[in-house]
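Biologist: I'm new to this one, so please pick a single part and take me through it slowly. I'd like a close look at the place where the chains meet.

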There are 2 protein chains.
Amino acid sequence: MYPIEGYLEIAFPDEETARIIYESVLYEHKTVPYRRSRIEFMREGRKVVIQFLARDSSALRGTLNSYLRWIKVAADALDL
Amino acid sequence: MYPIEGYLEIAFPDEETARIIYESVLYEHKTVPYRRSRIEFMREGRKVVIQFLARDSSALRGTLNSYLRWIKVAADALDL
């Protein structure tokens, strides 16, 4: 069903930065449906963590691309 | 110098699949220079692992996008 599984963690300079980026991406995470992947999105201290299951390589790339784009938008707003 | 650090692991159904994808991406990893990020690229059993340091959010997204693109090309060739 989900032959590809994975884990992405990104550590920011401090917990406050991670918290702001996490909250910003969480909004997108909650509103965008993904039918070809399953995603857990978390914050652990100064890290933002994405755990995912993907049905195929397109779902893998598409899903991570979306999260990376949202993270970049939030990080840019913080001049990171 | 590198305010963003991170870790991406992707697990494939078996070690042989991971090995083929790893070898394919390794070629790109060795030939493309990245000046705004530092990357370790490894295989651990059925997992492909990318450890990275990025100078800014653009370097973060650009770097991971490249690896995800290469991984997708290799996975597509395996019909994954």
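Modeller: Let's start with a term: a polar contact is a pair of N or O atoms within 3.5 Å, where, within protein, one must be able to donate a hydrogen and the other to accept it, and residues adjacent in sequence count only if both atoms are side-chain atoms. Between chain A and chain B, 10 residue pairs are in polar contact, both residues being at pLDDT 80 or more. This is a predicted model, in which local features need pLDDT of at least 70 and side-chain atom pairs count only at pLDDT 80 or more, while totals for chains, interfaces and linings use all residues. Residues are numbered from 1 along each chain as its sequence is written, chains are lettered from A and ligands numbered from 1 in the order in which they are written, and side-chain values use heavy atoms, with hydrogens and water left out.

Which parts of chain A do the touching? The elements giving two or more residues to that side are β1 (4–11) and α2 (57–77) of chain A (helices, H or I with at least four residues, and strands, E with at least two, are DSSP runs numbered from the N terminus). The largest share, 12 residues, comes from α2(A). By type, that side divides into 15 nonpolar, four polar and eight charged residues.

Overall, 27 residues of chain A are in contact (heavy atoms within 4.5 Å) with 27 residues of chain B. The chains bury about 2,200 Å² between them, 64% of it on carbon and sulfur atoms; buried area is the accessible area (1.4 Å probe) lost on putting two parts together, summed over both. In chain A, A:S57, A:R61 and A:L68 lose the most area to chain B, together 23% of what that side buries.

There are also two salt bridges between the chains, a salt bridge being a side-chain nitrogen of Lys or Arg within 4 Å of a carboxyl oxygen of Asp or Glu. One of them links B:E5 with A:R46, with the closest N and O atoms 3.5 Å apart. Within its own chain, B:E5 has B:L53 in β3(B) as its bridge partner.

Now for the strands, which pair if DSSP finds at least two bridges between them. β1(A) and β1(B) (residues 4–11) run antiparallel over seven bridges, with A:I10 opposite B:G6. They sit in an open, antiparallel sheet of six strands, ordered β2(A)-β3(A)-β1(A)-β1(B)-β3(B)-β2(B). The edge strands are β2 (37–44) of chain A and β2 (37–44) of chain B.

Note on methods. Ala, Val, Leu, Ile, Met, Phe, Trp, Tyr, Cys and Pro count as nonpolar, Asp, Glu, Lys and Arg as charged, and the others, Gly among them, as polar.
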